[in-house]
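Please examine the sequence and the model shown below. The report that follows describes selected sites.

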Amino acid sequence: MTLTDVYLQQLINGLSLGAMYALLALGFTLVYGILELINFAHFNVFMVGSFVALGALNLFGVTPNAPPLAGLALGAVLLGTLAVTMVASGLLGVAIERIALKPLRNVRGPAAMITTIGVSYILFNVVLLGLGADSKNFPSPLPALALPIGGAVLRLREVLIWIVSLVLMAALTWFVQFTRMGKAMRATAQDPEAARMMGIEVDRVIILAFFLGSALAGAGGLMFGLYYNFTSYIIGFTAGLRAFTAAVLGGIGNVPGAMLGGIIIGLIEAMGGQLVSASWADVIIFSILVLVLVFRPAGLLGRVAPNKS
Amino acid sequence: MQRELGLLLEFRGVNTHYGDLHVLKDVSYEIGRGEIVALLGGNACGKSTTMKTIMGVVRPTSGSVIFEGQPIERLRTAERVKRGIAPVLEARRLFPRMTVLENLELGAYTRKRGPELAEDLERVYELFPRMKERRGQIAGTLSGGEQQMVAIGRALMARPRLICMDEPSMGLSPLLVEQVFDIIQQINRQGTTIFMVEQNAAMALSIAHRAYVLQTGQVVLSGEAAKLRENPAIREAYLGELQVSAAA
Ligand SMILES: Nc1ncnc2c1ncn2[C@@H]1O[C@H](COP(=O)(O)OP(=O)(O)O)[C@@H](O)[C@H]1O
Ligand SMILES: [Mg+2]
């Protein structure tokens, strides 16, 4: 393996991680855009999502010793797992909003944000107590197809992660840009009171933001499992913090920004790990978080002026 | 004269509070179908609060708001919009990062989609030909006058029976103020009732049929606009001031 091959391989890895962080970052951004709330429960919605994906795969007969699937069966299992995971995670997000956050809607200050930290710990501990501390083998229905590019390898799982993320991000962009509810979401993010006076039910927009963001986090949980071949109660914090950094880097509240930030963070993790050492990757990523917050709080694509104009 | 057609909107003994701050104090208004009614008053006397109370963003602590004969003070804002009340908000309040067309579409948010919407859009473009050219432009990049046109167009897209305007002349040049008031009159002639908050008392009284004067949350004067224009107290308090500021 030449040095070029090594970097090519890290580029492939970085884009896959980046796609996953982007999906996760979108959830932070959608909720922040509307409520100006940093939802730390999102970290562990992602983690629960990966367990839901694991359960769904088992349900569809995908176990560690089962033979890989192909063709229609593979497509059906993947789509089924993705659908179940996204719907379940989306509903979890909505339940968190309705039960824990809605009662605090008109409370000023950090109460709601602190509550999301509490909810995050509840999810964390429920999974820990319910399923144990050992990491779980995440079976993959994918055949071991791999395309050698020089000395680097492009595996089917990476291609799948790219395609699924691209499709989901394109669908979200289309939804926010062109549908009636999407326009209502953007209007509410820009001026909630004026949006309300257009007849928009702001409460429904909030539910929708939690549903979509959490559903995407669930999809990210499935990607995580397919990429690392395991899941554990602990995966939410690292991935969540990196995705949060991605959202801030792109400009929190900004949808394309979250996607861009995710890809950049994924690449930094892979390349930085290669250039320096893996243990430095987080130092670099969180230094970026601090630097962005200090010098460019609006992020790469965010507006310099805060939300309202 | 218009009042013969009956009342469209009524406040009966309305009180509103923001926490301990008592803003509207036992206020009553009567807006007849087809009228232009102006609400005059100095800063912080409760004019915008009146508009927000009509839209349901502020709830009265007591008293009743009646629209087309039915109490609406407990209805959600969206329901009021559906019944035919549309706002032109203070300082425009367009959605700054959406296009002109998207802003106009949001005005029709509660209506069913169909050919009628396209017709109404054409009607708005007829009233504001410039908006048609600018329909793809981001609203936040328009000039103040253009933004006011979009804000009025956005209200029309709701096909309202009543438009509540909060200081439509704010921040506009005298020429634009004149244009905006012309348009308001035109909209009214086509059958839409208008309840309008204004600091520009001279202009407001020149197109309004009737007016109310609010002072620290209480109605202190009301009547025909033509009579109020002659009222010495009004001339001193509002019209005189205005001539000075217009000359400056
Ligand atoms: N959301 C609010 N919370 C607390 N006080 C408010 C709020 N909105 C307005 N006020 C106060 O209520 C009074 C009337 O305000 P407003 O109706 O906006 O006056 P104006 O006649 O200038 O439009 C003012 O003293 C204002 O400071
Ligand atoms: Mg006001």
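Is B:Gln148 buried or exposed?

## B:Gln148 and the basis of the model

B:Gln148 is buried, with a relative accessibility of 0%; buried means under 20% relative accessible area, exposed over 50%, and partly exposed in between (1.4 Å probe, protein chains only). This residue belongs to helix H6 (residues 144-156) of chain B. Helices (H or I, at least four residues) and strands (E, at least two) are DSSP runs, numbered from the N terminus. Leaving aside residues up to four places away in sequence, B:Gln148 touches B:Val88, B:Arg92, B:Glu167, B:Pro168, B:Leu172 and B:Val180, where contact means heavy atoms within 4.5 Å.

This is a predicted model, in which local features need pLDDT of at least 70 and side-chain atom pairs count only at pLDDT 80 or more, while totals for chains, interfaces and linings use all residues. Residues are numbered from 1 along each chain as its sequence is written, chains are lettered from A and ligands numbered from 1 in the order in which they are written, and side-chain values use heavy atoms, with hydrogens and water left out.

## The surroundings of ligand 1

The shell around ligand 1 consists of B:Tyr18, B:Leu21, B:Val23, B:Gly42, B:Asn43, B:Ala44, B:Cys45, B:Gly46, B:Lys47, B:Ser48 and B:Thr49; a residue is near a molecule if one of its heavy atoms lies within 4 Å of it. Helix H1 (residues 47-55) of chain B gives the most to this shell, with 3 residues. By class, the shell residues comprise 5 nonpolar, 5 polar and 1 charged. In this scheme Ala, Val, Leu, Ile, Met, Phe, Trp, Tyr, Cys and Pro count as nonpolar, Asp, Glu, Lys and Arg as charged, and the others, Gly among them, as polar.

An oxygen atom of ligand 1 is 2.8 Å from a backbone N or O atom of B:Lys47. A polar backbone atom of B:Gly46 lies 3.1 Å from an oxygen atom of ligand 1, and an N or O atom in the side chain of B:Tyr18 is 3.5 Å from a nitrogen atom of the ligand. The protein covers 60% of the 560 Å² of accessible area that ligand 1 has on its own, as calculated by the Shrake-Rupley method with a 1.4 Å probe.

## The magnesium ion

B:Ser48 (OG) and B:Glu90 (OE) coordinate the magnesium ion (ligand 2) at 2.1 to 2.6 Å. This pair links distant parts of the chain, 42 residues apart: B:Ser48 is in helix H1 of chain B, and B:Glu90 is in the loop between strand E8 (85-88) and helix H3 (100-107) of chain B. Donors are N, O and S atoms within 2.8 Å of the metal (3.2 Å for Na, K and Ca); water is not among the atoms, so sites may look incomplete.

B:Ser48 is buried, at a relative accessible area of 16%, whereas B:Glu90 is partly exposed at 29%.

## Helix H3 of chain B

H3(B) is mostly covered, with 6 of its 8 residues buried. The buried residues are B:Val100, B:Glu102, B:Asn103, B:Leu104, B:Leu106 and B:Gly107. Their cover includes helix H5 (156-178) and helix H6 (180-190) of chain A, together with helix H4 (115-127), helix H5 (129-133) and H6 of chain B.

## Positive phi angles in loops

B:Ala44 has a positive phi near 60 degrees, although it is a residue other than glycine. B:Ala44 is placed in the loop between strand E5 (36-41) and H1 of chain B and is exposed, at 80% relative accessibility.

B:Arg93, also not a glycine, has a positive phi of about 50 degrees. B:Arg93 lies in the loop between E8 and H3 of chain B and is partly exposed, with a relative accessible area of 27%.

Terms used: A polar contact is a pair of N or O atoms within 3.5 Å; within protein, one must be able to donate a hydrogen and the other to accept it, and residues adjacent in sequence count only if both atoms are side-chain atoms.
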